[in-house]
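I opened my notebook for a first look at a new structure.

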Amino acid sequence: MKVEHQNEAATGPQMCRTIEVAPPPPPPAFAHRHLPPPPPEKVVAAVPAAVEDRDREGDDLFIPPLNFAMVDNGIFRSGFPDSANFSFLQTLGLRSIICLCPEPYPETNMEFLKSNGIRLFQFGIEGYKYIDLLPSAQMDSSCSSYAPACVLPEPFVNIPEDTIREALKVVLDVRNHPVLIHCKRGKHRTGCLVGCIRKLQRWCLSSVFDEYQRFAAAKARVSDQRFMELFDVSSLKHQPMSFSCSKKYNN
């Protein structure tokens, strides 16, 4: 409330009048409570359509089998394929598969072959062999002559030459192409068969061994390389070949 006094000389007897002044508006409620101001409105950025398409495509990515590679026109190699690789194998349009493992082919894989019209050629080759006993002169002194701990892996695995030769006939028959060659890991047995193919293609031994070692890596075996070196391809030279480097071009 505001009170004003006026001069008596100017206005006569002293007068007192009251002037009502409107009170100021109350401060905001949050100022009394010391509350923080409301957060800013959240802005959601639009996702570009290209990113959404890329994410959707990620669900359909193809997964090749272990150690997969192309050997030549219509010939591929790999480790043992499983269900995660089936979509990729369908893109190859395979007619046949050469399996170099002796174990029964998995039922899931057989169903895939049947549903896609793929023929299976199985040539069972053991992955390794063992020595039952070692001569006492070659044993460690801490090893008993009949102790099971002395059963060691054989350093030179015998690759069955006849089996490799029969598998090569399947590979050379273009009616079986496209064909996939595989074993367990795609290293040793598959490497030996591919090495023999390279000899038919007249590769030098150093190149044959380089390719074998790229897949076998630290697991490379001298016995495999010796087998490829000694393998005689003369009896297979009469077989028709569709390999790219077997063709002769005239200038």
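Leaving aside its neighbours within four places in sequence, which residues is Cys192 in contact with? I looked this up, taking contact as heavy atoms within 4.5 Å, and found Ile159, Asp224, Phe227 and Met228.

**Ground rules**

I note that this is a predicted model, where local features need pLDDT of at least 70 and side-chain atom pairs count only at pLDDT 80 or more, while totals for chains, interfaces and linings use all residues. Residues are numbered from 1 along each chain as its sequence is written, and side-chain values use heavy atoms, with hydrogens and water left out.

**Entry: around Cys192**

I placed Cys192 in helix α7; helices (H or I, at least four residues) and strands (E, at least two) are DSSP runs, numbered from the N terminus. Cys192 is buried, with a relative accessible area of 1%; buried means under 20%, exposed over 50% and partly exposed in between, for a 1.4 Å probe and protein chains only. I also checked Asp224, which is 32 residues from Cys192 along the chain, and their C-alpha atoms are separated by 6.3 Å.

**Entry: α7 with α9**

Next I looked at the helices themselves. Helix α7 covers residues 188-200 and helix α9 residues 222-230, and their axes come within 9 Å and cross at roughly 25°. Axes here are lines fitted to C-alpha atoms, for helices over the stretch in contact, and angles run from 0 to 180 degrees between N-to-C directions. From α7 I listed His188, Gly191, Cys192, Gly195, Cys196 and Lys199, which meet Asp224, Phe227, Met228, Glu229 and Leu230 in α9. Sorted by type, the residues of this contact are five nonpolar, three polar and three charged. For that sorting, Ala, Val, Leu, Ile, Met, Phe, Trp, Tyr, Cys and Pro count as nonpolar, Asp, Glu, Lys and Arg as charged, and the others, Gly among them, as polar.

**Entry: α8 with α9**

I then turned to helix α8 (residues 205-216), which packs with α9 at an angle of about 145°, the axes being 11 Å apart. On the α8 side I found Leu205, Val208, Phe209, Tyr212 and Gln213, and on the α9 side Asp224, Gln225, Met228 and Glu229. I counted five nonpolar, two polar and two charged residues in the contact of α8 with α9.

**Entry: the sheet**

In what order do the five strands of the open sheet run? I read β3-β4-β7-β5-β6, with mixed pairing; two strands pair if DSSP finds at least two bridges between them. β3 (69-72) and β6 (119-122) stand at the edges with a single partner strand each, so one side of each has no neighbour in the sheet. The twist averages 25° from one strand to the next.

I followed β4 (residues 75-78) to its partners. With β7 (residues 179-182) it pairs in the parallel sense over four bridges, and Ile75 stands opposite Val179. β3 and β4 pair in the antiparallel sense over three bridges, and Met70 stands opposite Phe76. These two strands form a hairpin with two residues between them, and Gly74 in the turn has a positive phi of about 80°.

Last, I checked the β4 side chains: Ile75 and Arg77 point one way, Phe76 and Ser78 the other, and all are buried.
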